[in-house]
Amino acid sequence: MTDPLPSRDAFWMAEALKLAGQGRNTTTPNPNVGCVIVKDDVQVGAGYHQRAGGAHAEVHALHQAGPAALGATAYVTLEPCSHQGKTPPCADALIAAGVARVVCAMVDPNPQVAGRGLAALRAAGITTEQDVLVAAAEQLNIGFLKRMRTGRPRLIVKLAASLDGATAMASGESQWITGPEARADVQRWRAQSCAILTGVDTVIADDPALTVRLPDCTRQPVRLVLDSHGRIPLDSQLLRKPGTTVVLHGERLSAERISALQQAGYRTVGLPLVDQRIDLSALLDWAGQEQLNQIWVEAGATLAGAFIGSGLADEVILYQAPLFLGAQTRPMLANSLPSLADAIQFSVLDMRTIGQDVRLRLQPIHD
């Protein structure tokens, strides 16, 4: 006896979601999308969106299916696009191929799509279904979806600390608190992000590279440095690495200093200041306009604490190493809280060991 239709839809959508995940590191600012074309319960075509500006998942799958797409069902992890962008509309390609049915995991909240793709398919006589494995589809594109719905990217703050909550010795010595497996895990999170953000004090103190060092990496996230007063060194390691480094400075920074930063190789962007620091809300608005879906924050206690304390962090990822550093140390966050009642609370999304360290994925609880 064959499985009922809903379970088969879920099975094939799960296959499409697996395909979509292969584009996690390369599709930005576009979403991750996978497509499987099925005829008589046999896969005849499959594909995923590989990079922005390239063919979409549906096009790859239709190319592989060829004439077998006629009368078939297409499973797509996100509503097929209906507008002309860098590539033609995928809804038109499905119509032209003669598919009989399209099942999508979820409607695309992009205002340029937002139901229009499904409407075009139905107008052409194609049966459509939606909301199949929608929760998994949401997680796959959580940053893209947040930007489409709010105009701002998803922001993840990364922390690494000892069992007693220290990030470094009082002298600043911190390499390495966590083990090699945790550091490799950080590389994977960096690769999935559109931008890596830090503060100028971290650049001055550590001269970090802030790059993705994975053998199959084909894209470097944009590096963002919050630098209210333009103090970043003109010879930092950031300038010697592939990719773009953006210095986000105060709007009133002198033209001479801006020119010096630009001549050194930085891109510069002026943002408003609040109490002599970059306005973090304005920063996120700008990042949304830049089509950044997800920002990975690796910063010191002050900046990390500012994002978390202001309620702007969507998630905190904490790597906790099995060691104690004692009393003469630096804390994870610089926030001063008047009482226990003011504690910043989190729900635990996931907890697992990474090598000898524990990784906690935490979601801030907002009142």
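A nonpolar core is a set of buried Ala, Val, Leu, Ile, Met, Phe, Trp, Tyr and Cys residues joined through side-chain atoms within 4.5 Å, where buried means under 20% relative accessible area, exposed over 50% and partly exposed in between, with a 1.4 Å probe and protein chains only. The model here is predicted: local features need pLDDT of at least 70, side-chain atom pairs count only at pLDDT 80 or more, and totals for chains, interfaces and linings use all residues. Residues are numbered from 1 along each chain as its sequence is written, and side-chain values use heavy atoms, with hydrogens and water left out.

**Cores.** The largest nonpolar core has 40 residues, and Met13, Ile37 and Val102 touch the most other members. Its largest share, 6 residues, comes from helix α1 (residues 5-21); helices (H or I, at least four residues) and strands (E, at least two) are DSSP runs numbered from the N terminus. Another core, of 32 residues, lies apart from it, with Val269, Leu284, Trp286 and Leu360 among its members.

**Sheet.** An open sheet of 9 strands runs in the order β11-β10-β9-β8-β14-β6-β15-β18-β17, with mixed pairing; two strands pair if DSSP finds at least two bridges between them. Because β11 (267-271) and β17 (346-354) stand at the edges with a single partner strand each, one side of each has no neighbour in the sheet. Strands β9 (residues 222-226) and β10 (residues 245-250) pair in the parallel sense over 4 bridges, and valine 225 has valine 247 in β10 as its bridge partner.

The largest pocket holds about 1600 Å³ of space. On a 1 Å grid over the protein atoms alone, a pocket is an open set of points where a 1.4 Å probe fits, with protein on both sides within 12 Å along at least five of seven lines; lining residues have an atom within 4 Å of a point. The volume is the space filled by probe spheres set on the points, which are joined across faces, edges and corners. There are 50 lining residues, and the closest to the pocket centre are Thr202, Asp206, Glu298, Ala299 and Gly300.

**Backbone.** Most residues other than glycine have a negative phi, and most peptide bonds are trans. Threonine 28 and proline 29 are joined by a cis peptide bond, with omega about 5 degrees.

| Residue | Phi | Relative accessibility |
|---|---|---|
| Aspartate 41 | about 60 degrees | 42%, partly exposed |
| Leucine 133 | about 55 degrees | 33%, partly exposed |

Aspartate 41 lies in the loop between β1 and β2 (42-48), while leucine 133 is in the loop between β5 (127-129) and α5 (134-140).
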